[in-house]
Amino acid sequence: MTIDHEMLTGFSKSFGLFYLIAMSIGVLVYTYWPSNKKPFEHAAKAVVSDEEDRPCL
Amino acid sequence: MISQLTGNERVLAALTFLILLCVGVAMAAAGRDDLIGTHGWIIAVSAIAGAVALLRAYDAPEPSATRLSEYYDDPSKVGIILTLIWGVIGMLVGVWVAALLAWPELTIDAAWASFGRLRPVHTSGVIFGFGGNALIATSFHVLQRTTRARLPDQFSPWFVLFGYNLFCVLAASGYLMGITQSKEYAEPEWYADIWLVVVWVVYFSIYIRTLLRRKEPHIYVANWYYMAFILVVALLHIINNLAVPISFGHAKSYSLFSGVQDAMTQWWYGHNAVAFFLTAGFLGMMYYYLPKRAGRPIYSYRTSIISFWGITFMYMWAGSHHLHYTALPHWVQSLGMAFSVVLLVPSWASAGNALLTLNGAWHKVRDDAVLRFMMLAAIFYGLATFEGSFMAIRAVNSLSHYTDWTIGHVHAGALGWVAMITYGSLYALTPWLWKRPALYSAKLVEWHFWLALSGTVVYVFAMWNSGVIQGLMWRTYNDSGTLSYSFVDSLVAMHPYYIARAFGGLLFLSGAVIALYNIVMTIRSPVAVASESASDIPLGLEPAAPIAQAGE
């Protein structure tokens, strides 16, 4: 197989489609995975919490 | 700041200054017949200034271990001041070049004062000087608060901050001397580029080392945006600046790329600099400071994650929309166009998420100009991303490209989004970091808000009008099939808009000066709070304060 313009454009036109779809599915699965709900809510609330402004040691 | 370094860090600082001094002197010697020699001297003098500061405090007692129970905010504090100063410089030069376009005879007979040399001082000054320092200062603050871990050491944050500003000085002074590699937003030559890579690797390592020690298991979404900014800017910067200098004693270099490949690489860089420097980084800022200031968690955390991945993976392919109707293959242009249109989805998801966070807190937006800055930023972000997707469509681009419409679009984003979210965040952050009950003057924040808003609106409308008129004049044919208007005809038509643009810029610049004054006065005003209070929110118990504190 020679690496030429046709081969590279063919690859980028096909592979690009599939990896972007796969990545989108992966992101959606991660985002809506039930057990992730709690850490997400905790993270969102932690930003506005009034906890003391010091690092945890 | 030297007294905050441990013994080992002081040795490390001394070694850094020594290496920098040697490099600077070597550049000055090898480049004595070239402009690079001047930059060698600038580097050497910076190293000497650093070494003098180090030696003067070298014998100071080492910092006590109690420092580890506090966040390390001094680099952020210095970064805030540098941001505001660069903002004033960059915008001042912006008004200057805008005035040159309106009244070209206003120039002086010096090479450094020509439009071509001043214009990159404006763009780099505001993007890298103002925007970059704001990102560095806020990212250190957000990183520590959201991971609940202190920065890993005391030396590397200073190295990043001062190293980055040395890069900015080399860039701006180089343009005035005539050093440029003629790539837009990537004008600095090879040695400055290499230095920025070193600084950037240390910057990323600070992020990784702090995250490794984090006490919050989940990494808050703002950090993802900041990390995408650091990582992708490194990637873009290294690839677009691949070049061979003609010798180690010359500033001039030749790019690895040529022809349409060079154009594509440059606009892949250029558009992603907008995407990851001016968007992802500032979205990180928005996702922390807007909820914090409003006292409400982000409306939908899940949406913020989905739009993060949407933005990072789709922006990468949008750069070719800068090269419509060029020698670039047609399908690459279409690819860039399609991705630019789809990008509207994650962009509006972010803007909507921000505005929905404020839904139910509109009384705070009404009373608190700081929060209003952030709200306006989200609105302009939505407007500018819609406009960008629209302009990336090939048929629209045939009208808008090479006209002032592009300039108007860029400034809707840069003034309306980037500068507004930055000023809002800095106004919120300054009293927290310096443990002040409130800003020096809430009234001045109001003044700044309305100056900034009116300046942006005047600027953007002037450029929209000017751009569409230009585009239409350049494509109007008469009965015999030739152009109806000469280029000079279109120049004459643009003149009133150029005056309006310079005026809009002047309004925005006055706001930036007010911000610098207000924040400096906030820092200089006497401390009203007992110093043992380590809380970010020293007077959070006063709900009636005119400048509402976060977390109320």
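Author: Helix 4 of chain B and helix 5 of chain B, the latter covering residues 155–177, pack at an angle of about 175°, and their axes are 9 Å apart. Here an axis is a line fitted to C-alpha atoms, for helices over the stretch in contact, and angles run from 0 to 180 degrees between N-to-C directions. Helix 4 of chain B is therefore roughly antiparallel to helix 5 of chain B; angles under 35 degrees count as roughly parallel, over 145 as roughly antiparallel, 65 to 115 as roughly perpendicular and the rest as oblique. Helices (H or I, at least four residues) and strands (E, at least two) are DSSP runs, numbered from the N terminus.

The residues that make this contact include Arg117(B), Pro120(B), Gly125(B), Phe128(B) and Phe140(B) on helix 4 of chain B. From helix 5 of chain B come, among others, Pro157(B), Leu161(B), Tyr164(B), Cys168(B) and Tyr175(B). Two residues are in contact if their C-beta atoms, placed from the backbone, lie within 7 Å. By class, the residues of the contact divide into 14 nonpolar, 4 polar and 1 charged. Ala, Val, Leu, Ile, Met, Phe, Trp, Tyr, Cys and Pro count as nonpolar, Asp, Glu, Lys and Arg as charged, and the others, Gly among them, as polar.

The model is predicted: local features need pLDDT of at least 70, side-chain atom pairs count only at pLDDT 80 or more, and totals for chains, interfaces and linings use all residues. Residues are numbered from 1 along each chain as its sequence is written, while chains are lettered from A and ligands numbered from 1 in the order in which they are written.

Helix 4 of chain B also takes part in the contact between the chains. In that contact, 33 residues of chain B meet 22 residues of chain A. Helix 4 (115–147), helix 8 (259–294) and helix 9 (301–315) of chain B are the elements that give two or more residues to the side of chain B that touches chain A. Helix 9 of chain B gives the most, with 6 residues. This side of chain B has 16 nonpolar, 8 polar and 9 charged residues. On chain A, residues 15–33 carry the UniProt annotation "transmembrane region" from an unreviewed entry. UniProt positions are given in the numbering used here, feature names are shortened, and annotations may be inferred rather than shown by experiment. The span of residues 15–33 of chain A is 95% helix and 0% strand, and its end C-alpha atoms lie 27 Å apart.

Beyond helix 5 of chain B, Ser182(B) lies in the loop between helix 5 and helix 6 (190–212) of chain B. Ser182(B) has a positive phi of about 60° although it is not a glycine. Ser182(B) counts as exposed because it has 9 C-beta neighbours inside 10 Å; a residue is buried if 20 or more other C-beta atoms lie within 10 Å of its own, exposed if 12 or fewer, and partly exposed in between, with C-beta atoms placed from the backbone.

Another unreviewed UniProt entry feature, "binding site", is placed at His271(B), His321(B) and His322(B). These residues are spread over 52 residues of sequence, yet they cluster in space, with a largest C-alpha distance of 8.9 Å. His271(B) belongs to helix 8 of chain B and is buried, since 24 C-beta neighbours lie inside 10 Å. Leaving out residues up to four places away in sequence, His271(B) touches Ala318(B), Gly319(B) and His322(B). His321(B) sits in the loop between helix 9 and helix 10 of chain B, and is likewise buried, with 27 other C-beta atoms within 10 Å. With the residues up to four places away again left out, His321(B) touches Gly336(B), Met337(B), Ser340(B), Ala392(B) and Asn397(B).

Tyr325(B) is also in the loop between helix 9 and helix 10 of chain B. Tyr325(B) has a positive phi of about 60° although it is not a glycine, and is exposed, with 11 other C-beta atoms within 10 Å.

As to the setting of these parts, chain B has 17 helices and 2 strands. Of its 552 residues, 48% count as buried.
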